Amino acid sequence: MRKYHLVRRADARLKRTLIYYAIGILVSLIIGAIILVALGINPLDYYGRMFTIGLVGNRYGYKSIEGLLKIFVPLLITSLALSLSFKMRFWNIGGEGEFLIGAIAASIVAFNSTGMPNFVTVLLMCLAAMISSGIIGIAVAALKVKFNTNETLMTLMINYIMLYVIRYIGETKADWNFFLRDDSERPKFGTFPDSAVMAGIPIGQFKLLWSVLIALALTAIVFVYLKYTKQGYEISVVGDSSATAKYAGMSVGKIVLRTMFISSAMIGLAAALAVSSAGTISDTITNNVGWTGIIVAWLSKLSVPAVFVTSVLISILQYGCQAAATQYPAIDSNYADLLQGIILFSVLVADFAANFKIVRKEDAKNA
Amino acid sequence: MEYAIELKGITKSFGPVAANKNINLSLAKGEILALLGENGSGKTTLMNMLSGIYMPDSGSIFIDGKKVEINSPEDSGKLGIGMVHQHFKLVERFTALENIRIGIRNEGRFLHGADVRKKIEDTAAKFGFDIDLDKVVANMAVSEKQTLEILKVLCYGAKIIILDEPTAVLTVQEIERLFAVLRKMKEEGHSIIIITHKLNEVMAISDRVAVLRHGEYIDTVVTKETNEKTLTELMVGRKIELNIERPVMDKTHPLLEIRDLTVKNDEGAIAVDHINFYIRGGEMLGVAGIAGSGQKELCEAIAGLRKIEEGQMIHEGESIVGMSPKKILEHGISMSFIPEDRLGMGLAPSMSITDNMILKNYNESKGIFVDRKTARIEAQKVIDRLEVVTPSTETPVRRLSGGNVQKVLLGREIKSGPNVLITAYPVRGLDINSSYTIYNILNEQKKKGVGILFVGEDLDVMLALCDKIMVICHGRLQGVVNSDHTTKEDIGLMMTGTVNIVNKEGKTDGIAKDSAITDEEGKA
């Protein structure tokens, strides 16, 4: 005989949810600490270093902020883009592939931009990336609309196709391949000419890249787009019930195509900003944002302000681990992925606990 | 007297909502107990606790005088309780035999064993079921599926059978047949609980009636010693007017005319087969037919959501064939269809009342932004006028009760001021009070000169509410009858295809054509 059963909580209070989330994160940090202790590392020291992302006692602290922002910008934009398609219940898990297409397109412009003005080059890179990623997004959406193919499968496959395309480019020494360095025997990606490197506003030694401002502006735009515009409204309706959207006279196919174009184009933009900020391209340029972005979007429950906050936290986690890893040879940035996984899991449990409660039968009787 | 089932002090809450409060109920052996109550009175919740789907928060259940605990449908089955759900639980691709066989445990390894077949056949014969065991469920009519469901629980050895609104999907003749089976089961010593909204059925079949209201147990009365009026009072708690108003209007010219309309369903089969009719202003035309006779396809075709194969659709002298749904809406034809789950079409359940209010006209405001300010005012107007019970205009529609959901939907449809209102199953699953509110809303529209096409289920309601009733069977028109000059039985016979008055000479009711528009004009 079952003594306990689950009851959905009547009221979804934000305060309780936040407290449960905090507990979840705390528990994951404790699990992380156990791993650290097992490796012979003082967890307090390590976490201290991680959460201050190597700022404390560092003469070049501004470098840390710059490094953090380079992780943060692509993650934020990609997560926003994925939220957009998830809101429509279009399971775009092709963030990685769409990012790589954008990165390649932007690099084609970059490598051929010697002598062009910086502003024009970067703008062209962004446009090239957005259009090429956007077209792939539309292609997947069109297959879905026309033939009802499974978008999860399609977008997933794009990830692998693009991963191997960029590896091919990166490992093929040939006359046509302007991606690679001329002066190296081994195939190696070249660096962009100065014209293609992201500029910024100098604040003391620190340089605030334009890409950061673009990302912030984009966050505000997506927030308004989803919440207040007609197109955002259409996305919500299609996501909630496509039969209803159809009954309301919306052309569901068009909305899906348009939204997937915007979503993929944004990921392309993230890629263009990333390669331009890095000044080069590589097959690890995505830094897994296509995957991490999915986590961010769901942890945030597709809410734009929450996506912003979560992106900040995940970026600190990732960059902090990189920064701390320089002090601890026993541990590297993979620890960030591990911790991230544990946190995601704990937060999901916390979310469940915030929405349901376990009731003992006897208690229920007395209630 | 020993009871088959006794419930004592059963309470069940979903969050803050108490679906059942301290319910006491008893079912004698070999009796048919009708469980009566408005929507949301807790009937289905209570029965789900007997079938092991929910567990009571408190209270006890006694089966044959012994206290039991039902933690799963399996427990329930072992105790001899069988439930026939409103929505059938059958494997569509399996035959009748296979559907029954998969639930039989501990009896051989083979699906088509002769002994099992024999057993099922015997049971079917004993209760007088007419069923083809080798027929695939997907090819069965609704009544056959229901027969199969009942046979299934009997084969599993159920002594207590619970039927959740079994008559909702049946025609008059099929209901009679079902009742005959139930009486047979009763003779064999089975105890039956039947959930229904329909008082005439309660009077016809039950021995006693238990009444629930708002989750509370009201009373149990002996059917012979009561009447429909008393039961209604018990059920709703106060006297209600049983007569549905039917204002008689000066009918204007035909607003919408349908000629030779042929439409296919999703599977590509003909769903609407050369149907002719028209709707005039100030008139309500009912559409009667067994579920799945082409009602949905007809509605969707008129609303421009489904391609038509053949025929003409003329609205105020203009052909609407091939127009986009939006264009048709702008012409003044509004369509609302309440599907079985009540939310699937026409409403976005997770979105607020405000957001649902503007679903069909969000695009009319200027600029790129949605005009929620006006929408909120409109939502409040609908809430006030139709007495929608909701905490606020920003409450997600999902959180409202069935009746309020439907009020929101209808409120939106009439807000745009259509001149043709097509409404399918607007009172589906609603209690009497909510239903009357909906009828009043429709009548008000009719008084304004709107032409209404009312696709309905309950013939009593349609006879009372509609001016004329068009009967369809398998997508074919069986005739149009005047509500004042017909009977339920006549309509029932037409619904089953037994009678077709379309081809009878001298019957002007059968085919309706707008003489003002010639065939040539219509085609243009």
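**Entry 1. Helices α4 and α10 of chain A**

I looked up how helix α4 (residues 95-111) of chain A lies against helix α10 (residues 252-278) of chain A, and found that their axes come within 7 Å and cross at roughly 50°. That angle makes α4(A) oblique to α10(A). The model is predicted, and I note that local features need pLDDT of at least 70, that side-chain atom pairs count only at pLDDT 80 or more, and that totals for chains, interfaces and linings use all residues. Residues are numbered from 1 along each chain as its sequence is written, while chains are lettered from A and ligands numbered from 1 in the order in which they are written.

For the terms, axes are lines fitted to C-alpha atoms, for helices over the stretch in contact, and angles run from 0 to 180 degrees between N-to-C directions. Angles under 35 degrees count as roughly parallel, over 145 as roughly antiparallel, 65 to 115 as roughly perpendicular and the rest as oblique. Helices (H or I, at least four residues) and strands (E, at least two) are DSSP runs, numbered from the N terminus.

I recorded the crossing of α4(A) past α10(A) as right-handed; a crossing has this label if the near helix is turned clockwise from the far one by less than a right angle, and is left-handed if anticlockwise. On the α4(A) side, I listed residues that meet α10(A), including A:Phe99, A:Ile101, A:Ala103 and A:Ala106. Their counterparts in α10(A) include A:Ile267, A:Leu269, A:Ala271 and A:Val275. Here two residues are in contact if their C-beta atoms, placed from the backbone, lie within 7 Å. By class, this contact of α4(A) with α10(A) has twelve nonpolar, six polar and one charged residues. Ala, Val, Leu, Ile, Met, Phe, Trp, Tyr, Cys and Pro count as nonpolar, Asp, Glu, Lys and Arg as charged, and the others, Gly among them, as polar.

I then checked α4(A) by itself: its 17 residues reach 24 Å from first C-alpha to last, close to the 24 Å expected at 1.5 Å a residue. The expected span is 1.5 Å times one less than the number of residues. Since 16 of its 17 residues are buried, α4(A) is largely enclosed by the rest of the structure. A residue is buried if 20 or more other C-beta atoms lie within 10 Å of its own, exposed if 12 or fewer, and partly exposed in between, with C-beta atoms placed from the backbone.

**Entry 2. Helices α8 and α10 of chain A**

I next followed α10(A) to α8(A), where the axes come within 10 Å and cross at roughly 115°. The two helices are therefore roughly perpendicular to each other, and their crossing is left-handed. I found A:Glu234, A:Ile235 and A:Val238 of α8(A) meeting A:Val252, A:Ile255, A:Val256 and A:Thr259 of α10(A). This contact of α8(A) with α10(A) has five nonpolar, one polar and one charged residues.

**Entry 3. Helices α3 and α11 of chain A**

I examined α3 (residues 61-87) and α11 (residues 289-299) of chain A, whose axes come within 8 Å and cross at roughly 60°. They are therefore oblique to each other, and α3(A) passes α11(A) in a right-handed crossing. Among the residues making the contact are A:Leu75, A:Leu82 and A:Phe86 of α3(A), with A:Val289, A:Ile294 and A:Val296 of α11(A).

Just after α3(A), A:Arg89 takes a positive phi of about 55°.

I also looked at A:Asn288, in the loop between α10 and α11 of chain A. Phi of A:Asn288 is near 60°, a positive value in a residue other than glycine. A:Asn288 counts as partly exposed because 17 C-beta neighbours lie inside 10 Å.

**Entry 4. Chain A against chain B**

I found 22 residues of chain A in contact with 27 residues of chain B. The elements giving two or more residues to this side of chain A are β1 (4-8), α8 (230-240), α9 (242-247) and α14 (361-366). The largest share, five residues, comes from α8(A). By class, the side of chain A that touches chain B has nine nonpolar, six polar and seven charged residues.
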